[in-house]
Amino acid sequence: MWPEPALALLIGLGCLVAQARADERVRDRLIASAHYPSGETVPYLLTGLGATPPQYVLILMPGGSGRLEPEMRDGRLVFKARGNFLIRSRALFADAAMIVIATDSTGSPERMGAITEDAGRRFPGAKVYVIGTSRSTLSTMQLAERMDGKVAGFVHTSSMSGIARFDTRPLKSRQLIVHHKNDACSVTGYGSALYNHEQFGTDLITMEGGVSQGDACEAFAHHGYNGIEQETVGKIKAWIRQK
């Protein structure tokens with residue numbers, strides 16, 4: 001039997017290989033055509049197959065500092081938050097029906113509106129879903145109220161504890177909570193996600209398994225679905241495809 005550290009390493013390597021294979025199918029592009037009314041650019045990272053017009057546009061916002069800050073530097077595309085669950089899984093979200101946008105976390109409807117309007121021009125008719133994780137769920141909860149009905153839905157993964165008080169019943173846009181049952185981060189306990197589901201009836205996907213490494217509130221603990229990225233992404237995409 002493998003020692004626990006060695007087993008964790010093998011699982012982690014397997015996950016990286018799977019994501020690397022997914023990365024081979026897609027390509028990242030820096031997009032600078034979204035603007036505030038003032039003309040200021042709102043840059044974002046576009047990831048997709050680029051073969052057929054997508055049915056869905058998924059907008060991902062990283063947790064932590066929330067800063068992605070994509071830019072071209074010396075001819076290379078560079079950006080932050082590469083280890084974040086959503087950002088490192090972006091190639092898993094992308095497929096023939098779904099194209100992925102990654103951007104700085106924001107609760108501003110003006111900033112998110114600039115991106116969704118640009119996406120609407122690029123991909124007319126595609127349904128837009130905004131997805132946050134950990135600290136960026138503060139943004140998804142804000143946007144869910146401020147942009148209700150303007151996008152198809154919001155997905156809150158590894159939500160901050162405030163999700164317990166987030167009443168989704170009056171909202172028109174679809175809402176999904178995703179949480180690891182063993183998330184040990186003190187500010188993102190599973191109990192808050194479960195309470196919301198039981199109290200307000202919000203759809204909830206409960207994840208189990210994987211490998212927890214390092215700080216309980218960081219991206220390679222259960223908090224970040226380490227080792228079960230593909231399964232977690234698959235369940236989110238299945239929920240999105242229901243409508």
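## Exercises on a predicted model

Cys185 has a relative accessibility of 4% and counts as buried. The model is predicted. The exercises start from this residue.

**Exercise 1. Which residue does Cys185 join through a disulfide, and which loops hold the two cysteines?**

Step 1. Search the whole structure: one disulfide turns up.
Step 2. Identify the pair. Cys185 is joined to Cys217, with an S to S distance of 2.0 Å. The cut-off is 2.5 Å between cysteine sulfur atoms.
Step 3. Cys185 sits in the loop between E9 and H6, and Cys217 in the loop between E10 and H7, so the pair ties together parts 32 residues apart in sequence.
Step 4. Take the torsion about the S-S bond. It is about 95 degrees, so this disulfide is right-handed.

**Exercise 2. Is Cys217 buried or partly exposed?**

Step 1. Recall the limits: buried means under 20% relative accessible area, and exposed means over 50%.
Step 2. Read the value for Cys217, which is 29%.
Step 3. Classify. Cys217 counts as partly exposed, whereas Cys185, at 4%, counts as buried.

**Exercise 3. In what order do the strands of the open sheet run, and which are the edge strands?**

Step 1. Trace the eight strands: E1-E2-E6-E3-E7-E8-E9-E10, with mixed pairing.
Step 2. Find the strands that pair on one side only. These are E1 (27-31) and E10 (203-207).
Step 3. Neighbouring strands are turned by 20 degrees against each other on average, direction ignored.
Step 4. Look at the E10 end. E9 (residues 174-180) pairs with E10 in the parallel sense, over five bridges. His180 stands opposite Met207 in E10.

**Exercise 4. What angles do helices H6 and H7 make with E10?**

Step 1. Take H6 (residues 190-200). This helix packs on the sheet and touches E9 and E10; the angle to E10 is about 150 degrees.
Step 2. Take H7 (residues 229-241). Its angle to E10 is about 165 degrees.
Step 3. List the strands that H7 lies across: E3, E6, E7, E8, E9 and E10.

**Exercise 5. What does Ile87 touch beyond four places in sequence?**

Step 1. Locate Ile87 in helix H2 (residues 85-88).
Step 2. Check burial. The relative accessible area of Ile87 is 0%, so this residue is buried.
Step 3. Collect contacts: Pro62, Leu68, Phe79, Ala81, Arg82 and Ala102.
Step 4. Pick Leu68. Its C-alpha atom is 8.9 Å from that of Ile87, at 19 residues along the chain.

Notes:
Residues numbered from 1 in each chain as written. Predicted model: local features only at pLDDT ≥ 70, side-chain atom pairs only at ≥ 80, totals over all residues. Heavy atoms only, no water. Pairing = 2+ DSSP bridges. Helix = DSSP H or I, 4+ residues; strand = E, 2+ residues; numbered from the N terminus. Axes fitted to C-alpha atoms, helices over the stretch in contact; angles between N-to-C directions. Contact = heavy atoms within 4.5 Å. Buried < 20%, exposed > 50% of the residue type's maximum accessible area, 1.4 Å probe, protein only.
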